[in-house]
Amino acid sequence: MNQLNRTSCCRIAGIFGLLVILLFTACDSNRVFEENIKIADNIWAAAKPVVLQMNITDTVLPHNVYINIRNASHYPFSNIFLFMNTTFPDGKLDRDTLEIMLAGKDGKWLGEGLGDIWDNRILFKKNVSFPLKGEYRFELTQAMRLDPLPGIMDVGMRVERSN
């Protein structure tokens with residue numbers, strides 16, 4: 001095969017792959033919100049919380065809330081502790097402390113992985129209804145003893161309608 005044909009095949013394969021990704025993400029009709037924030041240099045300082053804002057219009061249907069974490073295989077722990085501050089549209093503040101397991105007792109990483117990168121989507125709250133319409137602010141802060149924390153690549157949230 002000559003160079004021109006190989007280049008054309010690679011372009012077609014790339015376009016096909018992009019279309020498949022778009023198809024799968026477009027069919028995600030339960031998703032209400034999802035955003036992931038890249039952690040600079042994959043080192044998360046406690047003084048730099050991940051802040052996400054979401055507008056809620058549905059206060060009737062229940063939702064599932066997930067925490068998304070992408071870690072590298074050189075992350076030095078099997079878990080991560082987080083503080084989650086939620087500010088409601090009326091200014092009320094709620095604070096949760098979470099422990100998220102990223103590896104099993106056998107030391108194997110949980111979630112989905114490719115090479116040395118691991119993606120985890122952890123259920124935070126199930127079948128929760130948002131009490132108010134409006135803008136919600138979520139602030140996730142790493143709460144580990146090691147600060148800054150190496151090996152955390154992305155942190156985010158996903159909110160989807162419960163089935």
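In the predicted model, Asp 41 counts as exposed, because its relative accessibility of 69% lies over the 50% cut-off for that class. This residue is placed in the loop between strand E1 and strand E2 (43-44), and its phi is near 60°, a positive value in a residue other than glycine. Asn 42, which lies in the loop between E1 and E2 as well, likewise has a positive phi, of about 55°, although it is not a glycine. A further backbone feature is found at Pro 148, in the loop between E9 and strand E10 (149-150), where the peptide bond from Asp 147 to Pro 148 is cis, with omega near 5°.

The secondary structure of the protein comprises 1 helix and 11 strands, and the order of the elements from the N terminus is α-β-β-β-β-β-β-β-β-β-β-β. Of the 163 residues, 33% count as buried. Among the contacts with a separation of 6 or more, 79% are accounted for by residues 24 or more positions apart.

The largest nonpolar core contains 32 residues, of which Ile 67, Ile 80, Leu 82, Leu 140, Ile 152 and Met 157 touch the most other members. At least two residues of this core are supplied by each of strand E3 (50-56), E4, E5, strand E6 (93-101), E8, E9 and strand E11 (152-161). The surroundings of Ile 67 can be described in more detail: when its neighbours within four places in sequence are left aside, Ile 67 is in contact with Leu 82, Met 84, Leu 98, Ile 100, Asn 120, Arg 121, Ile 122, Phe 124, Leu 140, Gly 156 and Met 157. Two of these partners, Leu 140 and Met 157, are themselves among the core residues that touch the most other members.

Arg 121, one of the residues in contact with Ile 67, lies in strand E8 and counts as partly exposed, since its relative accessibility of 45% falls between the 20% and 50% limits. Apart from residues up to four places away in sequence, Arg 121 touches Glu 34, Tyr 66, Ile 67, Asn 68 and Arg 158. The C-alpha atoms of Arg 121 and Leu 110, which are 11 residues apart along the chain, are separated by 9.9 Å.

Arg 121 also takes part in the lining of the largest pocket, together with Glu 34, Asn 36, Asn 68, Ile 69, Arg 70, Glu 112, Asp 119, Asn 120 and Asp 154. Two or more of these lining residues come from each of strand E1 (31-38), strand E4 (63-72) and strand E8 (117-128). The volume of the largest pocket is about 370 Å³, and its lining, sorted by class, consists of 6 charged, 3 polar and 1 nonpolar residues.

The second largest pocket holds about 170 Å³ of space. Among the 13 residues that line it, Thr 86, Phe 88, Lys 125, Val 128 and Phe 130 are the closest to its centre. Strand E5 (79-87), E8 and strand E9 (134-142) each contribute at least two residues to the lining of the second largest pocket, and E8 gives the most, with 3 residues. By class, this second lining has 9 nonpolar, 2 polar and 2 charged residues.

Phe 88 and Phe 130, both close to the centre of the second largest pocket, also belong to an aromatic cluster, in which ring pairs link Phe 88, Phe 130, Tyr 136 and Phe 138. In total, 5 aromatic pairs are counted. In one of these, the rings of Tyr 75 and Phe 77 have their centres 5.8 Å apart and their planes at 70°, and the pair is therefore edge-to-face. Tyr 75 is buried, with a relative accessible area of 4%, whereas Phe 77 is partly exposed, with a relative accessible area of 30%. Phe 88 and Tyr 136 likewise form an edge-to-face pair, with 5.4 Å from centre to centre and 65° between the planes. This pair links distant parts of the chain, as Phe 88 is in the loop between E5 and E6 and Tyr 136 is in strand E9, 48 residues apart. Both Phe 88 and Tyr 136 are buried.

Note on methods: Residues are numbered from 1 along each chain as its sequence is written. This is a predicted model: local features need pLDDT of at least 70, side-chain atom pairs count only at pLDDT 80 or more; totals for chains, interfaces and linings use all residues. Side-chain values use heavy atoms; hydrogens and water are left out. On a 1 Å grid over the protein atoms alone, a cavity is a set of points where a 1.4 Å probe fits but cannot get out, and a pocket is an open set with protein on both sides within 12 Å along at least five of seven lines; lining residues have an atom within 4 Å of a point. Grid points are joined across faces, edges and corners, and a volume is the space filled by probe spheres set on the points. Helices (H or I, at least four residues) and strands (E, at least two) are DSSP runs, numbered from the N terminus. Ala, Val, Leu, Ile, Met, Phe, Trp, Tyr, Cys and Pro count as nonpolar, Asp, Glu, Lys and Arg as charged, and the others, Gly among them, as polar. A nonpolar core is a set of buried Ala, Val, Leu, Ile, Met, Phe, Trp, Tyr and Cys residues joined through side-chain atoms within 4.5 Å. Buried means under 20% relative accessible area, exposed over 50%, partly exposed in between (1.4 Å probe, protein chains only). Contact means heavy atoms within 4.5 Å. Rings of Phe, Tyr and Trp (its six-membered ring) pair if their centres lie within 6.5 Å; planes under 30 degrees apart count as stacked, over 60 as edge-to-face and the rest as tilted.
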